[in-house]
Amino acid sequence: MVFWVFGYGSLVWNPGFDYDEKIVGFIKDYRRVFDLACIDHRGTPESPARTCTLEEKEGAICWGTAYCVRGGPEREKLAMQYLERRECEYDRKTIVTFFKEGDSQHPALTDVIVFTSTPDKVNNKYYLGPAPLEDMARQIATAYGPCGNNRDYLFLLEKAMHDIGHEDNLVIELANEVRKVLGVGNVLTNVATAQLPHPPHVSIPARQLQPLPEPIVLDG
């Protein structure tokens with residue numbers, strides 16, 4: 001048994017589960033967007049964070065990392081159970097084809113699982129949809145939850161994409177806009193620094209956000 005999952009958000013720098021192999025590469029016809037609410041890790045129901053999801057777009061590519069779990073059904077089950085708890089805001093598992101750098105014509109992997117979300121506010125309570133860059137930056141600068149600040153999620157993703165050699169223009173643009181809100185520099189080495197003030201003490205006139213429904217609690 002071989003189980004592959006593609007990470008394009010926090011999984012890039014923090015998979016959080018035991019894996020046997022990691023490959024940097026990309027998937028086609030998807031792009032990374034910050035249109036999904038997080039209300040139990042980097043945000044709360046009253047002040048949701050903005051995290052990554054994928055948007056279908058012909059001709060686009062999304063770089064990230066694919067992780068492999070080998071060893072039989074039990075190891076695969078444990079990894080999937082962990083991922084389903086962690087990625088509970090994503091309502092779909094999509095099967096994609098994965099490519100490695102230098103060969104965009106011949107897939108390196110097929111049947112790779114990626115967590116995605118339905119882009120529909122009626123049928124997916126976690127879907128926020130697009131917003132102006134300034135509004136997203138203000139939301140990300142102020143949101144925080146049990147696992148930390150929303151801005152650190154963004155800054156760590158920016159650094160992770162830099163480290164794998166495939167920076168994302170939207171991530172860079174949004175991260176720099178968040179730094180403007182916070183009044184800090186836009187040097188990459190400053191990302192995720194612990195010296196930034198905690199959100200409740202940041203004097204920013206926050207845009208009023210509508211709270212989301214209470215999260216679904218999964219057993220396990």
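How many Å should the 14 residues of helix α1 span at 1.5 Å a residue, and how far apart are its end C-alpha atoms? The views below come from a predicted model.

**View 1. The length of helix α1, residues 73-86, in the predicted model.**

**View 2. The buried residues of helix α1 and what covers them.** Within α1, the buried residues are A79, M80, L83 and R86. Seen down the axis of the helix, the buried residues fall within an arc of 125°, so they line one face of α1. Their cover includes the strands β1 (2-7), β3 (49-70), β4 (92-100) and β5 (109-116).

**View 3. The largest nonpolar core, shown around F34.** This core has 53 residues, and those with the most contacts inside it are F34 and L154. Strand β3 gives the most to this core, contributing eight residues. When residues up to four places away in sequence are not counted, F34 touches R50, T51, C52, M136, Y153, L154, L157, L170, V171 and L174.

**View 4. The largest pocket and its lining.** The largest pocket has a volume of about 370 Å³. Of the 21 residues that line this pocket, S10, H41, R86, E87 and Y153 are the closest to its centre. The elements that give two or more residues to the lining are β1 and β2 (21-38), and the largest share, three residues, comes from β2.

Notes. Residues are numbered from 1 along each chain as its sequence is written. This is a predicted model: local features need pLDDT of at least 70, side-chain atom pairs count only at pLDDT 80 or more; totals for chains, interfaces and linings use all residues. Side-chain values use heavy atoms; hydrogens and water are left out. Helices (H or I, at least four residues) and strands (E, at least two) are DSSP runs, numbered from the N terminus. The expected span of a helix is 1.5 Å times one less than its number of residues. Buried means under 20% relative accessible area, exposed over 50%, partly exposed in between (1.4 Å probe, protein chains only). The arc is that of the directions from the helix axis to the C-beta atoms. Contact means heavy atoms within 4.5 Å. A nonpolar core is a set of buried Ala, Val, Leu, Ile, Met, Phe, Trp, Tyr and Cys residues joined through side-chain atoms within 4.5 Å. On a 1 Å grid over the protein atoms alone, a cavity is a set of points where a 1.4 Å probe fits but cannot get out, and a pocket is an open set with protein on both sides within 12 Å along at least five of seven lines; lining residues have an atom within 4 Å of a point. Grid points are joined across faces, edges and corners, and a volume is the space filled by probe spheres set on the points.
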